[in-house]
Amino acid sequence: MREGTSVTVRYLSLIALGYCAAILAVAAAVQFASAPALKTMQADAKRSHLATKSSILRDILDELVLDVRLLTRNPDIQNYTLGETKTSLRAEDAILANPRFRSVALFDYKGRPLLSIRDPETLNQADRYLPIEYVEGLNDWVSGARSPVPRISYRPGDALHSAHFLVSMPVQRAGITEGILTAETVVDLTNVLREEGDAPVTRIVTQFQLANQQEWAPFQAPPVAMEVPGTTFSLLADSDAQAIKTIGQSLIRKAILVAVAALAVPFGLMGVLGMQAIVDPHRALELSKAELSDKSRELARLAQIAQMANEGVVVTNVPGHILWTNAAFAKITGYTTQEALGKKLDDLLHGPDTDLAVGKRILCALERREPIQAEILYYRKNNTPCWIRLSISPMTTGQEEDVQFAAIVTDITEAKEARDELLAAREQARQQARHDPLTALPNRRALDDALDELAPKTEQPRVLIRVDLDHFKSVNDTLGHAAGDAVLCNVAEHLVNRTRGDDLAARVGGDEFVVLLAQGATLESARRLADRLGRDISSEMEIDGHACRIGASFGIASTQGGFISNKDLLKSADAALYLAKEAGRGATVLYSPQIHTSVLAKRTLTADIERGIANGEFLAWFQPQFDAQTNEIVGVEALARWQHPDHGILSPASFLPVAAQLRLIPDIDKAVFAYGLNKISAMNDAGTPIPRISFNVGAHQIMNQRLEETIKTWDLGKTEVTLEMLESVLVEDQGSGFLARLADLRLAGFRIEVDDFGSGHASVVGLRSMRPDGMKLDMSLVRPIDTSNTARELVKSMIDMGRALDITVTAEGVETATHAAILRELGCDTLQGYHLARPMPFEKLVTSAKVGFGSDALVSDPIASSAIAPLSRNLGDLERPRHRRTADKHPTPQR
Amino acid sequence: MVRFSLKWLMLCLALVLPGIASSQDQVTVYIDADYTLTQHPAEAIEAGLLAAISSHPTPANVRVVAIDNRANARRSNDTLDAARNDPTAVAVFGGMHSPHYLVNLEQINKSGLPLLLPWSAAGPLTRGAHGDQNWVFRLSVDDRKAADHLYSVALERGCQRPAAIAVDNPWGRYNMSELQKAAYTRAQVLSEAVVLHNTAGERTVSDAVKRVAQAEADCVIIVAGFELISTIIAHLANADAPPKIISHWGILGGRITERIDFDGITATGLEILGTCGLHQYAARVSHHIAAERHFPDALHPREHPAPHGFYHAFDLGRLFLLALDRARLDAQWHQGIDAQRDALRRAFHNLDGTYEGLITNYQQPFQPVTPQTPDGHEALGREDLCMTRVARNGNLKPVFERRDPVQPDQLDLAQHHGNPGRD
């Protein structure tokens, strides 16, 4: 190495010496030849210099103007100028985002300051411009007398070659100026105004200064001036004689530099070629001597290691003939080195069950000179089989004809047997865990595994069919579980017959099946499959001599279209199946973007309802009910509302349909019930008792045996609790248990009323047998009474019927004064509706109870003689409630 | 002789009193509106107020000063200041834009000067304070109801995937959140919701329209001013399957047929929100004809691009004059301008009787705003919202539809207890 380094250094030193000598010669020649041309160049250089400087200064100013223009066009700055005060911070941020300016000020259309942002480092510095200069030109811009081109003012800076610029631009909207934005900045013009060396001195002057510069400038020669386009100032250059020398020296230096560059090429070439031809071969010879010595030592060590190893080692040539083996090879195979030499390994160890394909693979790898690892069944010398792991690697010294192979031979007979046993056991357990024992179809776990294996996105869409049997429960109930199992097996058989090998048909629940179609299936093919399966399943079966017929509903989902992913297939098909069931069974529904949007929206609303129930957001509003003759309040009806944290008060129409589907109605009922009783109790305590509170209830609440206990939680004083039920509930649920329960509730002090009477299930016989305390006429009956005689007669007959059965009659939906007058005349007992009072929150109920339920309609109603009285009396003064079944039943009041 | 003397006395009073009133009791009303960028609503409002004054049964003795705010909230604020400092100004009539008053609402309610709004629709304007602290009165569309109404109209027109585009200012953003609430309460979502800056250019609008198309919206509800809406409609009308457009009334800042050809407008089935003045023409024809006599240039409000401004300003102007008559009889009327303004405010809360207006009948149209009566300073309700379409000549035509009298509040648990979601 040292010898090689020494040769290189000597050689390169010689080249460098020659190069330097050549440069010195060229420099002397240039210096002598260039003197005469320098003077001519000086004059041209000055003019060119000023033009360049002017252009550079204009570019700098254009950048400033562009930045200011961008600010004036910033939407937040515009909006703030126009008075949207909430954008002030964003306007400030827009200004601060450009740190170029020393200060930026914004003024409105009258020149009043809106914003002023200054660089903190300049706060103690004096202002360069007068306040009037900041808004100069504003009135002309606002009036349109001046076009919206920027104004640029100049002041010299404190530092040498610095300049203060003030740029003013109008802030416009739709071409109308509504304010002005001014930006002040200091620009370091050292690079523009002055250069070291051959450039003349340059200054910025205003028009006023230019006109008077003859008196001021102590130059030896007249200066050269050039206006800066688009401004009111110019650039001025002096003509100092020193500039000539500066320009000449620069020229000579350039010529010398050119010569240096030109001579570098041949000398460099000489150096590179000389290195390749002389120095490099010398160094290579020295290196190869050292490598040869190292490799000899390494080979001796490797041979010793191979002999001592526990694994067998075989060295062969390219055709596969054995060249060398170690002692471990003999131990494993039974063949000594002498017995193995010259033979091929495969020929030596081959046996009847040896896998020819593996042998062939090994041979191919050897031919390609590639390493290979393989496990193969061979036979020892004594013909006993053994499993061998071969790890074969080529060995080469870099010469193509000098390739040999080294094989590590390991006996893995015992390990392989153990491994095979374990795999077999696992597979058996896996199969058992993944199949349904009754139908032998893949089970839910197998389906989940298949779905998990689907990549998050596949190139082809996947389709999944959800199958649910219709009327299966009746088979179990009527023919027994054995028959039910037979039906399920029959259905499984249909699924297997109709699906392809790549499809996955699984049983996932009692009577529920899923088919995951193979890649390439489309929605149309899935629909056809569903139709065929539907026909198969619904065909009549004979089970134990009994004819049996069931049906099936199908929900189909696909990732085609991209609005659901593979992981959503099952639940989307589930949602489609649900709709198929709702449509009346035996149907097939495809999950569509519309269903998907609806599902997402419903999920959001569902989560909100569940949260709302947990957080006590469901409460009651109260709608007063009034005596038809006296206009006194006789009670309130509690109506469910949802106090939503984001959307305020929501009416039942917005949440009840979804709540009903989720079976959350009972929880909502419970919350409304508790709220209503709590508030009425509070009104009693405050001395403004309400005679009666009504709740809308369903069958489940009636049958709740804890209802009486719940009421007792609050002290309601003399306030009655009325339970309003739809007439359809009372008609449908007239079992003996239900009627007995109603009787118990009456004995406990509850009133029972039929709600929406006349809405479709009107039954006089039902009323007569049930004998509720009151009935409420449906608003569809009340609404037309002011325009239809028939409607009026119908309502009258219902009121008369109530009178005959000693049932109080309440009219709902009283919307006008005319409604109220007619109902009063017809003898209705109680009125409820918007004309009298709307449903109101508890706070308003309290206020109205104190000051009166002042209704505009009633005030202006010529028939009503007084406003509705406030609740200022004790309940003891009120007419006693009309309980039937009590000993002191009151006679029907005179109307 | 007594009768003769009485007759002469009455005649003298009739001659003298108006003169006394005119010389000692003249009041001023300011109009703060945009006469430059969107001049049609401003013209209509001014015409409505002047018509109300000239048609008042007794000499109103009201001077009207109209000032152009050029859609600049600071100019608007300066006008309010000028009115506040004018010792004869008893009220200000506002113009089209809501943001002007929204940014200064607190100051307006502390000013002690009634601000009467015949157009600005933003919900919070009339709900900025309670009781006698609230000085803002409105006879116009109320955005608290408008968004839900627009969404209902979209559904009534058969739309299944409504989208919304709104301008990026407090008015637009408020209406967008109300539209999202309207969808939510119906267990639905907007298929797309886009907010655009007022100065959005062709490319930005085109990208927004592409988003709407990709969402497969069959209806687009737009809340924006005239310029932006024109650009949006132009792009939507050129789509392969133009969605139906249901617009808030910001579009009435100009005449849309001057920007887009009629066939394009027809392709979108454009409907525009407003109040029911046009719809009530036949039912109240005598009132309309009487009012129209005072419309300038012998035109009809129905031929004006922004007729609602006339109807609202007329009705509000008449209510103002009724309140003014009452306030002039107040015991504190002669105790200075602050007392006069307060008397006017109290008179607004105590307008009894029924005034038959151009849009509806008003019975106690205003009452003190409280948490329980947030609509106290709203003279119109949801039932007064109506939709219009555009005729070939650019005039608005009413769209008549059946009104369902059943209120949503009437639905309650009773409807669902009979059918608790069985399988």
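Select residues 385-395 and 404-411 of chain A: these are strands β12 and β13, which pair in the antiparallel sense over eight bridges. Strands (E, at least two residues) and helices (H or I, at least four) are DSSP runs numbered from the N terminus, and two strands pair if DSSP finds at least two bridges between them. The model is predicted, with local features needing pLDDT of at least 70, side-chain atom pairs counting only at pLDDT 80 or more, and totals for chains, interfaces and linings using all residues. Residues are numbered from 1 along each chain as its sequence is written, chains are lettered from A and ligands numbered from 1 in the order in which they are written, and side-chain values use heavy atoms, without hydrogens and water.

Within this pair, pick Leu390(A); opposite this residue, in β13(A), stands Val409(A).

Next, show helix α14 of chain A, residues 356-367, which packs on the sheet and touches β11, β12 and β13 of chain A. Contact means heavy atoms within 4.5 Å. The direction of α14 makes about 140° with that of β11(A); axes are lines fitted to C-alpha atoms, for helices over the stretch in contact, and angles run from 0 to 180 degrees between N-to-C directions.

Now display the whole sheet, which is open, has five strands and runs β10-β9-β13-β12-β11 in chain A with antiparallel pairing. Its edge strands, β10 (322-325) and β11 (372-379) of chain A, each pair on one side only.
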